[in-house]
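Take a walk through the fold with the coordinates open.

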Amino acid sequence: MKQSRALVLSVVSALAAALGAVWLAPAAYAASVTASFVKTSDWGTGWEGKYTITNGGTATVNGWNLGFDLAAGTTVGTYWDALLTSSGQRHTFTNRSWNGTIAPGASVSFGFLGSGSGVPSNCRLNGAACTGGTTPTTPPPTTPPPTTPPPTSPPPVTGLPKHILTGYWHNFDNPAVELRLRDVPAEYDLVAVAFADAAGTPGAVGFAIDPGLSASLGGYTDADFSADVRTLQSRGKKVIISVGGETGRVVVNSSASAVAFADSVYALIQRYGFDGVDIDLENGLDPTYMAQALRSLRAKVGSSLIIAMAPQTIDMQNPATSYFKLALDIRDILTVVNTQFYNSGAMLGCDNNAAYAQGTVNFIVALACIQLEAGLRPDQVGLGLPAGPGAAGGGIVAPSVVNAALDCLTRGTNCGSFRPPRTYPALRGAMTWSINWDVTHNTSFARTVSPHLRTLP
């Protein structure tokens with residue numbers, strides 16, 4: 001996951017997604033479907049916009065596309081509840097899989113962040129004029145309201161606290177301190193066991209205690225490990241199996257491999273007592289078949305299944321790319337996405353007008369904002385940071401910086417120069433790679449961040 005990967009220096013261009021299917025209505029029919037635009041907030045250098053599409057006709061709309069122009073110098077950044085394609089200053093949004101059907105009298109909405117002073121013009125909905133009014137209503141420039149968009153689905157029932165600290169436990173021997181699972185510090189709420197990897201049939205995964213780790217601990221067996229899982233659970237903790245890692249070879253790219261993945265992870269859950277699964281496939285994934293696998297696994301386990309993800313920073317820049325798309329496609333059953341805000345170099349934030357340097361409050365907040373404004377619930381977003389020197393190649397921060405980022409996102413305090421468009425009091429928490437590296441550094445990450453999580457709204 002995070003041991004020796006070379007630092008990748010990336011400055012990602014404006015977000016763009018593949019154009020979905022276009023549905024064209026006859027002019028007479030289209031005239032009864034209207035779209036209206038409003039600026040929901042404006043903070044000077046940028047703004048948040050919202051289009052509402054209303055079906056005023058008598059027939060159901062089975063797909064929509066809406067295009068508009070922006071003046072030169074004004075750009076679209078993060079967007080949600082739609083797919084986007086852009087050509088010059090023309091931007092066209094199309095429906096997602098869940099909001100393409102609009103019954104008579106019903107409405108759907110999508111939103112996006114804009115940078116610059118321009119507003120949409122020349123709006124066309126399904127090829128016809130947007131007759132619902134495209135002149136925006138703009139409130140006076142002010143600090144964005146401290147509110148969070150309504151959740152799109154209820155949180156799964158997992159038994160976890162509102163705000164959690166997640167850490168990875170090493171099932172291997174490296175320069176960090178080796179630990180028996182039962183010796184994980186009490187500050188951790190969710191423990192991800194690293195890692196399960198490919199085993200036999202395509203898509204299938206396997207897990208067993210690493211012989212090198214066992215030797216370093218003076219003998220540590222699968223039976224000892226299983227007992228330790230139960231010990232942590234008796235203390236109110238949750239333990240999940242993480243799949244993949246930096247060198248992971250798990251590939252789920254067909255229906256058959258999706259079945260093999262779900263069946264094999266379920267077998268591990270039954271054998272060791274895991275509470276869920278963490279997806280940490282750093283060499284890419286197919287969102288369609290992985291979604292199939294995770295839904296199948298949840299059907300086997302039930303609503304208590306914890307589903308976590310640990311994507312790299314680059315994987316969560318664009319809602320149409322694999323990891324981000326998977327998270328959005330399964331957000332009704334997803335527990336938390338702990339993006340690795342390290343080993344990435346400079347990146348664009350949700351304001352889309354600056355490259356933020358890793359290892360800063362601005363970087364963490366501006367990049368977390370992309371996920372928070374693109375459709376994930378705040379309780380599904382966690383901040384992943386290294387536990388100290390040795391744990392990552394770049395992006396190492398003091399635990400106090402993590403706390404400042406948590407404050408900025410949940411309260412609007414302790415921010416750097418970047419301020420998010422709103423606050424997110426339900427933000428899930430923080431993750432670190434790793435528990436072992438944290439213990440190596442006197443558990444300073446957990447002892448600093450965990451108490452702070454308990455003070456959040």
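Helix α4 covers residues 255–272, 18 residues in total. In this predicted model, α4 reaches 26 Å from its first C-alpha to its last, close to the 26 Å expected at 1.5 Å a residue. Its buried residues are S257, A258, A260, F261, A262, S264, V265, L268, I269 and Y272. Look at how they are spaced. An α-helix has 3.6 residues a turn, so residues three or four places apart point the same way. What do the buried residues of α4 pack against? The partners are β13, β14 (205–206), α3, β15 (238–245), β16 (276–281) and α5 (287–301). G273 follows α4, and its phi is positive, near 85 degrees.

Now turn to a sheet. Four strands form an open sheet in the order β1-β2-β9-β5, and their pairing is antiparallel. β1 (33–42) and β5 (75–80) are the edge strands, each pairing on one side only. Neighbouring strands here are turned by 25 degrees against each other on average, direction ignored. Strands of a sheet pair through backbone hydrogen bonds, either parallel or antiparallel. β5 and β9 (residues 107–115) pair in the antiparallel sense over four bridges. W80 stands opposite G111 in β9. Helix α7 (residues 361–373) packs on this sheet and touches β2 (46–55), β5 and β9. The direction of α7 makes about 55 degrees with that of β5.

Next come the charges. The structure holds 14 salt bridges. One of them joins the side chains of E48 and R422, at 1.9 Å from N to O. This pair links distant parts of the chain, 374 residues apart. E48 sits in strand β2, while R422 sits in the loop between α8 (399–411) and β22 (429–433). Are the two partners buried or exposed? E48 counts as buried because its relative accessibility is 8%, under the 20% cut-off. R422 also counts as buried, at 8% relative accessibility.

A second bridge pairs D228 with R182, whose closest N and O atoms are 3.2 Å apart. D228 lies in helix α3 (residues 222–234) and R182 in the loop between β12 (164–170) and β13 (190–198), so this bridge ties together parts 46 residues apart in sequence. D228 is buried, with a relative accessible area of 3%. R182 is partly exposed, with a relative accessible area of 34%.

A third bridge is local. D329 meets K325, with the closest N and O atoms 2.6 Å apart. Why are they separated by about one helical turn? D329 and K325 are four residues apart in helix α6 (residues 322–329), and therefore about one helical turn lies between them. D329 is partly exposed, with a relative accessible area of 23%. K325 counts as partly exposed, at 28% relative accessibility. Salt bridges that share partners also join E48, E373 and R422 into one network.

Finally, check the confidence. The mean pLDDT of the protein chain is 86, and 86% of its residues reach 70 or more. Where does the pLDDT fall below 50? Residues 2–31 form one such stretch, which has 87 contacts in the model beyond near neighbours in sequence. Over residues 133–153, pLDDT stays under 50 as well. For that stretch the model has 43 contacts beyond four places in sequence.

Notes. Residues are numbered from 1 along each chain as its sequence is written. This is a predicted model: local features need pLDDT of at least 70, side-chain atom pairs count only at pLDDT 80 or more; totals for chains, interfaces and linings use all residues. Side-chain values use heavy atoms; hydrogens and water are left out. Two strands pair if DSSP finds at least two bridges between them. Helices (H or I, at least four residues) and strands (E, at least two) are DSSP runs, numbered from the N terminus. Axes are lines fitted to C-alpha atoms, for helices over the stretch in contact, and angles run from 0 to 180 degrees between N-to-C directions. Contact means heavy atoms within 4.5 Å. A salt bridge is a side-chain nitrogen of Lys or Arg within 4 Å of a carboxyl oxygen of Asp or Glu. Buried means under 20% relative accessible area, exposed over 50%, partly exposed in between (1.4 Å probe, protein chains only). pLDDT is the predictor's confidence in each residue, from 0 to 100. The expected span of a helix is 1.5 Å times one less than its number of residues.
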